[in-house]
Amino acid sequence: MGADPKTGEVGVAVASKFLAVGSVVPFAQAGIGAIATQSYANTTYGPRGLELLRRKVAPQEVIRRLTQGDPQREQRQVGIVDAKGRSASFTGQRCLRWAGGITGENFAAQGNILTGEAVVQAMAEAFQKTQGELALKLMAALEAGEKAGGDSRGKQSAAILVARKNGGYGGFDDRYIDLRVDDHPEPVQELRRLLTLQLRFRARERAYRLYEQKRYAQAVQLLQRLVAETPDDAALHYDYACVLALSGSPRAALRHLTRALELDPALARLAKEDPDLASLRNNPEFQRLITR
């Protein structure tokens, strides 16, 4: 699990030989913290721990309060990172070996029934070395842990949860990334595929919000990167053409509109009446595109 104090993002990534591990382990709230409850997981640790974090209780003290009244505390494992990057981890003495964790600034890496300590060491190293947003750092840590040996029982499920303020669909909640692979022969690989798709989708959402706010130059920058990543996406080329036209770049707009129509000729009907393309309406090249 990890945090980015600059953005307030917090999150958890997890993999296990366990059906639907994402339905049990991860809890997170933007600007507050993230909690992973594992090893005969006590799922009340999630909401109770987040409530304590909201009350500004430090992660180590949160763990003490969560575990002190639990008669099965020695079978539990729990890790916490708050939005400030403070972290703590607890592994009960009766957790199945290998079991343990590593904590540091902005992260906690832990696990049980692992092939060895090298798994959490690899996770911690990958998290700290990976550049980019929190979801990518968490994903890299999960992949490194699997490469180092992972769960000694094998593979079954994986999940990633990242909370960002107003980061959910439409900006209505903080569920920025909430992905689960519940039963799969290669769950971590599949989770990486889904995360790549989800990050692109979120970026397109941000571009659309910039478009709505008439911040066309910023939308152009974002869409330029997305088009480079997915050059065969007709709708993306079309959206990029619209924003380019609105930002006063007619030649570039026509170039990407041409590519969009090559990939999906049906878009010509939309382009013909689209007000975003009004500045191109009298251009002979535009007329040729929509009538061919």
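The following legends describe close-up views of a predicted model.

View 1. In soluble globular proteins, nonpolar side chains tend to be buried together.

**View 2. The surroundings of L280.** Leaving aside residues up to four places away in sequence, L280 touches A245, P250, A253, L254 and F286.

**View 3. Salt bridges of E61 with R64 and R65.** The side chains of E61 and R64 form a salt bridge with an N to O distance of 2.7 Å. In helix 2 (residues 59–68), these two residues stand three positions apart, so about one helical turn separates them. R65 also forms a salt bridge with E61, and here the closest N and O atoms are 2.9 Å apart. R65 and E61 are four residues apart in helix 2, again about one helical turn. Relative accessible areas are 24% for E61, 42% for R64 and 32% for R65; each residue is partly exposed.

**View 4. Further salt bridges.** D178 and R175 meet through their side chains in a salt bridge (3.4 Å, N to O). D178 is partly exposed at 36% relative accessibility, and R175 is likewise partly exposed at 48%. Elsewhere, a network of salt bridges links E9, E133 and R164. The whole structure holds 25 salt bridges.

Note on methods
Residues are numbered from 1 along each chain as its sequence is written. This is a predicted model: local features need pLDDT of at least 70, side-chain atom pairs count only at pLDDT 80 or more; totals for chains, interfaces and linings use all residues. Side-chain values use heavy atoms; hydrogens and water are left out. Contact means heavy atoms within 4.5 Å. A salt bridge is a side-chain nitrogen of Lys or Arg within 4 Å of a carboxyl oxygen of Asp or Glu. Buried means under 20% relative accessible area, exposed over 50%, partly exposed in between (1.4 Å probe, protein chains only).
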